[in-house]
Amino acid sequence: MKKIYSMKQDYYDILGISKGASADEIKKAYRKMALKYHPDKNPDDKDAEDKFKKAAEAYEVLSNPEKKSRYDQFGHQAFEGAGGFGGGGMNMDDIFSQFGDIFGGAFGGGGFSGFGGGFGGGQRRAKGSNLRIKITLTLEEIANGVEKKLKVKRKIQASGTTYKTCTTCNGMGQVTRVTNTILGRMQTSSPCPSCGGMGQTIDQKPADADAQGLIISEETVSVKIPAGVVDGMQLKVTGKGNDAPANGIPGDLLVAIQEEEHPTLKREGDNLHYDLYISLPDAVLGTSKDIDTVTGKVRIKIESGVQSGKILRLKGKGIPSINGYGRGDLLVHVNVWTPKTLSKQQREFFENMKDDEHFDPKPESSDKSFFEKVKDMFS
Ligand SMILES: [Zn+2]
C-alpha cells in the first residue's frame, strides 16, 4: 500500500536547500520564499498562498533543532498522526504570529506585521504594519534640509469598535497544543490563532471598518528631512504607519529618499561637480562666470591663461555631511571650448599664429596632469 505522506514534498526541496544547510541558510531560504509568495505581493493568488504556507511549514520544522532531527530521521512520518500538520498545514495567523518578524517590516497593509513588547501571561500587544512612501528631493532641498508634508493613507482604529475577551484562549493570548507523535506526547504553546495573541477579539465594529476594526484615513504627516540625505536612504517616522487593533502599537512610516537629478550639478558623496565651458578668448584674456550652487549662483573669477581641465575648488559649497561633519566642496571643472568652424578672418588669424613659438605648450609644474589633480581632490 502506498503511504499518503509520501505525496508530501520534501521540506528541503520546498525551501530549495540541501540537507546539510545551516540554520542561517535555512532562515535565509525561508525569508526569500516568504517574501516572494507573501500574500501582500500576490493578492488572491491561491497558488502563491499555497507555496507561502508550505514554505512556512517547512521552516517551522527545519528551524526547530528537535523537529529537524526527527524529520531528518523519519521524514514526514515523524509528524503524522493526531494534530501536527497532517494535511492542512499552517494557517496564515500561525505563520504571521510565529514568523512575522522574518519580514522585517517589508510589507505594509497586511494588518499585523509582528508583535511589540508583551505584558505578562503570554498576552501580547499587536503592532500595526509599516507604511512605505517614496519622496523625490531636489539637490537644493537635500543640501539645505527641508520639511515635507506627506499625504499618507493609513489604517486607523475605527471609532465605535469594541473588543471582548477571546473565547479561544480566554484572554491568555496563547494556546497549548498536545500532539501525539511516534516519540510520545508533545506539548507546545503558540500564540492564539483566533486573536493573534492579543487575548481580545472584536465585539462590535462599524460597517465600513475592516476585519480588524480599522478604517483607512488620509492624513498629512510632516517629515523633517535633515540636510545631506542620500538617494536610497530611509527615514522612519515612528507611529505613523497603520494602527494595530485593540490599542496595539501603531506601525511606522518609512520614507525612502530619491534624489532628483540636477541640471548642472553632479553629486559625488558630499562633493559636487560643475562643468564650466569657457571660450578660447575668455581662457586667454580671463573672465568672470556665474556658477550654479545649491544656495544660488555665485560669480567666480577665471584668471587669464587658464588651462582647460583646471579644477577650481569652492570650499564648503557642497553638501553638508549627514553625520554633521562639515560640508563637501564644489569642484568647478574648466573646459576651454574650441570652435569647430571659423570665419575666413579667424582662420587667417590662427594660421598666422601657427608657427608662433609663443603658442607652443610649455606646461609648468603647477599645470598638473588630470590624474594628479584627481589624486589631489581625494587627499
Ligand atoms: Zn485568543
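**Zinc site, cores and loops**

Me: Starting with C166 and C169, are they buried or exposed?
Reply: Both C166 and C169 are buried, where buried is under 20% relative accessible area, exposed is over 50% and partly exposed is in between (1.4 Å probe, protein chains only). This is a predicted model, in which local features need pLDDT of at least 70 and side-chain atom pairs count only at pLDDT 80 or more, while totals for chains, interfaces and linings use all residues. Residues are numbered from 1 along each chain as its sequence is written, and side-chain values use heavy atoms, with hydrogens and water left out.

Me: Which atoms coordinate the zinc ion?
Reply: The zinc ion is held by the SG atoms of C166, C169, C192 and C195, at 2.2 to 2.3 Å; a donor is an N, O or S atom within 2.8 Å of the metal, or 3.2 Å for Na, K and Ca.

Me: And how are those donors spaced along the chain?
Reply: The spacing of the zinc donors is C-x2-C-x22-C-x2-C.

Me: What makes the arrangement tetrahedral?
Reply: The four donor atoms subtend angles of 102 to 114° around the zinc ion, so the arrangement is tetrahedral, a label that asks for all angles between 85 and 135 degrees.

Me: Staying in that region, what is the phi of N170?
Reply: N170 is not a glycine, and yet its phi is positive, at about 55°. Most residues other than glycine have a negative phi.

Me: Where does N170 sit, and is it buried or exposed?
Reply: N170 lies in the loop between β5 (162–165) and β6 (174–181), and with a relative accessible area of 60% N170 is exposed.

Me: Changing topic, how many helices and strands does the chain have?
Reply: The chain has nine helices and 17 strands, taken as DSSP runs of at least four residues for helices (H or I) and at least two for strands (E). Of its 379 residues, 37% count as buried.

Me: Which residues touch the most other members of the largest nonpolar core?
Reply: In that core of 34 residues, they are I225, V255, L276, I278, L330 and V332; a core joins buried Ala, Val, Leu, Ile, Met, Phe, Trp, Tyr and Cys residues through side-chain atoms within 4.5 Å. A second, separate core has 23 residues, among them Y11, A29, A55 and L62.

Me: What is I278 in contact with?
Reply: Apart from neighbours within four places in sequence, I278 is in contact (heavy atoms within 4.5 Å) with A283, K289, I302, V306, V334, N335, V336 and W337.

Me: V336 again; how far is it from K310?
Reply: K310 and V336 are 9.6 Å apart, C-alpha to C-alpha, although 26 residues separate them in sequence. K310 belongs to the loop between β15 (296–302) and β16 (311–314), and at 35% relative accessibility K310 counts as partly exposed.

Me: Last one, where is V221 found, and what does it contact?
Reply: V221 is in strand β9 (residues 214–225), and with a relative accessible area of 3% V221 is buried. Leaving aside neighbours within four places in sequence, V221 contacts K148, K149, L150, V152, V237, K240 and L253. The C-alpha atoms of V221 and L253 are separated by 9.3 Å, with the two residues 32 apart along the chain.

Technical notes. Four donors count as tetrahedral if all angles lie between 85 and 135 degrees; four count as square planar and six as octahedral if opposite donors are over 155 degrees apart and all others between 65 and 115; anything else is irregular.
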